[in-house]
Amino acid sequence: MRKLLSLLLAVTMLVSLMGAAFAEEMTEVGTPRRETLIMETQIPTDTPGQFNPYMQGTSMGFGNHQLLRAMMWEMDTVKGEQFGEIADGFPESNADFTEHIVKIRQGIKWSDGVDLTAKDVVFTMNMIKDTPGIGASAYYNVVFKSIEQVDDYTVKIVTNEPFPRLALRFGVTIWGNDLRVVPEHIYSKVEDVTTFKDSEPVVAGPYTVKSYDPLGNWVLYERREDWQYSSVGVVTGKMPQAKYVLVKALGDDSTRQMMMTSNQVDIMVEVTPEVLETMKAQNPNIAAWYSDFPYATSDDPCSKGISFMMAKAPYNNRDFRWAISFALNFDETTMDIFDGVGRASPIPILTATSAMQELYLKPLKEYMASLEIDLGDGTTAKAYDMDYAKRIGDKLRAEGRDIPTDEAALEDMFGIACYAYNPEAAEKLLIKAGLEKKDGKWYFEGEPFKINMSYLANTEAQAGRGLISAYNQLKQFGLDCNLVSESSATWDSNAALGNYEIGGYWPTGGITKDLYSVINGYDADLIVPVGERGSGQACRWNNARATEIIHELAKISPDDPKSYELGMEFMKIAIDDIPFIGFHSGVKFVPTNSTYWTNYPSAENPYNGPWWWWSCFKYILTEITPAAK
Amino acid sequence: MKFRKYFGLRLVTWALTILIGVTFIFFIPRMFPTDPVENMIGQIQSRSGQMDPQEMAALRKSLRVQFGLEGSLWEQYLAYLWRGLLHFDFGPSLVSFPTPAGEIIATYLPYTLFLSLISTLLAWIIGNAIGLLAGFRKNKRSSKILEGIAICIYPVPYFLVALILQIVFAYLLGWFPLQSNINAMGGTAAYLRSLFRASFLPALSQLLVGTGWWIISMKSLSAATAEEDFVQYARFRGLAERRIGASYVMRNSILTQITALAMSLGGAFNGAIMTEIIFSYPGVGALIQKAILQSDYNMILGCITISIVAISTATLIADLIYPFIDPRIRYS
Amino acid sequence: MKKFWKNANGRLKAGMIITLIFLIIGFVVFYIPHTDPFFNNTYPRKLAPSWEHPLGTTSLGQDIFWLLVEAIHNSLSIGLIVATIGTVAGVLVGLVAGFSGGLTDRILMVITDTFVVIPSLPILVLMTALMRGSSTVILLALVLAMFAWAWPSRQIRSMALSIKERDFIQTAWFSGEGTMQVVVTEILPYALTWSLSNFMNATLNAIASESSLAVLGLSPGNLLSLGNMIQWARDRNAIFAGQWFWIGSPIVATVLLFIGLFLLITGYNDYLQMKRGR
């Protein structure tokens, strides 16, 4: 009897094994696993089946702008340069930058076979301009006088004011852009474009919608049969390798990592280093930008740090802001955030991405090293600590990490400097800024002094952890602080209304050599009183020379050599006046799983950044190839 | 006649319960300084960049109407009762603007009801059966062990039970999906299969925690009943133990448990929320969680209103069934 | 006391011992001078348990033992505050309803029933989500207390109804004592003995609710409670990184505390029954 049983068992096992070997693995949505790239999106959508980019509530990050949409100008994130996607090259403008001729690329077809022409571009831009229900409508009316079709592949744009940065503003620089060209032959027949769901979208990108979850958890995209005529096909001539792309919400952190380690997902958006390290330990196919420590890329163009609301005393006082900087020990901050990983980005506003570090931070090194702050009692203190990279390198090496000793590699990994830690200088500066210390407690204008420090809860670990670390350190230093966690909606409106004192906001950037788009929000003319909603200038930094520079920049072309000089001068002013204390550049742990797909962008093969959630993902897809069986 | 009065009274209580609960959640958000319209404008602005002042004023006005914030507090309250309670219209979802929140909730609510009702009922039946045995045979070793297990599982937090089940059965053993994906695109058979697979672990985790409580309470109830005079009398009369258990002890203790079941539905719903979040089960709990993350107040308000209505209605149904089980009820 | 211990059943004894241990940790050990465990980088990171750090340290360089002690202190405090408010309010409402009867009773009972029936977690979620930024421990306790009074008041009312008919009350009434006096001298002591078990139950519920909120990320960010401790450890992936002491200690503590309180409640109820001559 027992023999028979064991025989039966063996046979069943053999059969099921053979079955597994022969039957092709399928995904839960019924596509062959080896032809399907599964990628994560962060939040399930409440509006399944809604793909119209001009209806509010459409989730663009759910594969919509990464796979379906073509942009006027796309971004080469490695070079930091734009290229025309629908546009053929860059606009040709007249001498005062009010009239612009944009050529349209020939050969792109919509997914229903109709040619994409100037008609579609003109229609889309005018539709935005003329439909008040579309968010960008008001802005388009401010900027554009007219958008007209010259011939099938030429558009003439007239702006109200000189506008030298048409491609930068209406093409992609970071993430994506509001201008997504839609087919005229469909959208012109729709009665109200702001309520049209567009469940079976006709698109110019390389994929179309195959099916979607009515409960909003996933969308399945299929490569166009005529992908050669999609924007990606026409621009590169390369075929996106994955026949299907399944975009999916994965749930909470523990579910996400279990799905990844069990190969049920190929690329994820962003995890914490703790999650990445445990996943790597369980599954050798999982990697991130670097295959070993520090894993993360530091090239995301939004540096994180702490931001001051400068319409209020004493936060409007430069001495006070430097005092806060001296009270913070960056060596502790960096350990608290991501265990020491990340390139320091020790200047306000501009992020130390690799490109920006070469272009701006290294030339500013001398200036930073010699910058001294007057402490008000006849002494001065050095503002920067230029030995940070070496010191943190030694520390992490002592913890058993594999850290290079080469100075250039260290600077690339940890940055050129960090803000100096000097508690005595901090005390003196606080006194200089008008605070008093009695019995170990600080008073300002006779009242006990307390700082409200707010951060965005549940998302953006880097920013949140940084602010909590700062809270921790300022309390230990002796300043009374209150920690305020906020949800996303109150977060945005509190910024705009100026309802904060110190916040973990990140009004930073830096991707192109021309700094105008990063700094134009710091125009002092945009400042509105606290409690009112302005556009830009949440931190209300009032600096006359900085504003002049912004106004000068607005009038010159981004290619003018003067743009770089002005940008440099602006940065020196910002460094000296410290409206923001930068911690790290955007540090992103973006995991990939090479069980089914390989050749993801990485440090060894940096053909692009690991930005699946940006619109340039459709170009990355032409390089991701199936793994050998 | 008496029954009709009982029925009417219960119906009035039901309506009042909903009214009080809904009034309560209408006034809570208005006690806090957060203004949903300002938040909404903030989100629209951060998405689309510049906006001129007139545009903003127009937007603010139209949002105030849509959010039901126009007019005096009293008018707002009446409008809210009228729209929210009678038409389940809670205004647009903030995140999925302009899709109405009620429409989104309607998609997810059936899944929550399905999951929590099934697991609550199962927990009640299994728990009471075990509890009855344990209580009736109080001094048997097996009943002590069962009770011990129940005492140990009952206080474990919901999310923890869910997480452990997920790690063991979905991740290590791979018997069930890690994530509750329900295949609503395929045929009926595929749909039911995926529904079963997706619901099994969430239901099991609620079952484990729920059962513990019923075992404990049923045991002490039936143990007390078993000591009552009429049971002792039945023993003297030489009735079989099994019959005593079934007809005397059970029938008397089960009545208390039915009332308790009706009272426990609210608590079961709390558990459902936590379980749904861990398993990303497509129900109202997960919706609430997402709405919190994105501060979608209309959605939160809608979810809570609907859950209050659903729970009070379930309680009402349990109350109305009660007289059919216990004819002795005095309809009070 | 000695007699009480002798008459106590096994459950009551076990419950008392466990609860007492937690009370000692939370309110005696807590006052032994120590470095504030909330601050990061006080010690080296990720240390294994040792004499110096009985439960090791976290990924942030905090001492887990002292984190746990403070978490127990705070969670117990919240639980006790909530239970006190809830029980006092519940007993008052229940007595008023039970003794006044008529319309007052009806109205109070509908309100009470509402609070028993409506699911508390979504409403707690709504309130804490709105309080984001301004929420403090006291505020949180007050919010939790809103749902702690309804159940005891229902129970006390039905008890009041049955006591009302008993002989000694009637006697007191006849001998000319005022209603207020009757309530205070005769009924309150009786109700209080009974509501002790309710008190413990409310403590338990409050701690459980707080940890649910913490898991949803809605407990105040600077409150060191058992729930938040679990949540922070989860946030740093302690489960999958195998940092068992960090994630495990608050969980084990929560479960033990619950079991202890639960044994105390049931044991105490049995004890009362036995004392009444059963």
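A nonpolar core, as I use the term, is a set of buried Ala, Val, Leu, Ile, Met, Phe, Trp, Tyr and Cys residues joined through C-beta atoms within 7 Å. Buried means that 20 or more other C-beta atoms lie within 10 Å of a residue's own; exposed means 12 or fewer, partly exposed is in between, and C-beta atoms are placed from the backbone.

This is a predicted model: local features need pLDDT of at least 70, side-chain atom pairs count only at pLDDT 80 or more, and totals for chains, interfaces and linings use all residues. Residues are numbered from 1 along each chain as its sequence is written, and chains are lettered from A and ligands numbered from 1 in the order in which they are written.

Let's start with the cores. The largest one has 248 residues. Which of them touch the most other members? They are I86(A), V245(A), I300(B), C303(B) and V82(C). Helix α3 of chain C, residues 64-100, gives this core the most, 15 residues. Helices here are DSSP runs of H or I, at least four residues; strands are runs of E, at least two; both are numbered from the N terminus. Take V245(A). Leaving out residues up to four places away in sequence, V245(A) touches L37(A), M39(A), G63(A), L67(A), Y207(A) and Y221(A). Another core, of 91 residues, lies apart from the largest one; its members include F330(A), L364(A), A383(A) and L429(A).

Back to α3(C). Its partner is helix α4 of chain C, residues 102-117. The two pack at about 145 degrees, axes 7 Å apart. Axes are lines fitted to C-alpha atoms, for helices over the stretch in contact; angles run from 0 to 180 degrees between N-to-C directions. The crossing is left-handed, meaning that the near helix is turned anticlockwise from the far one by less than a right angle. From α3(C) come V93(C), V96(C), A97(C) and S100(C). From α4(C) come G102(C), T104(C), D105(C), L108(C), M109(C) and T112(C). By class, that is five nonpolar, four polar and one charged. Nonpolar covers Ala, Val, Leu, Ile, Met, Phe, Trp, Tyr, Cys and Pro; charged covers Asp, Glu, Lys and Arg; the others, Gly among them, are polar.

Now the strands of chain A. Strand β7 covers residues 154-159. Pairing takes at least two DSSP bridges. There, E99(A) stands opposite V158(A). Strand β6, residues 144-151, also runs antiparallel to β7(A), with six bridges. Q149(A) faces V155(A) across that pair, and a two-residue hairpin links β6(A) to β7(A).

β2(A), residues 73-76, and β3(A) are antiparallel too, joined by four bridges. W73(A) has G84(A) as its bridge partner. Between these strands sit four hairpin residues, and G80(A) takes a positive phi near 70 degrees.

Next, chain A against chain C. Contact means C-beta atoms, placed from the backbone, within 7 Å. Chain A puts in 21 residues, chain C 16. On the chain A side, β21(A) gives the most, with four residues. That side divides into five nonpolar, 12 polar and four charged.

Last, chain B. It has 12 helices and zero strands. Of its 332 residues, 46% are buried.

Terms used:
Two residues are in contact if their C-beta atoms, placed from the backbone, lie within 7 Å.
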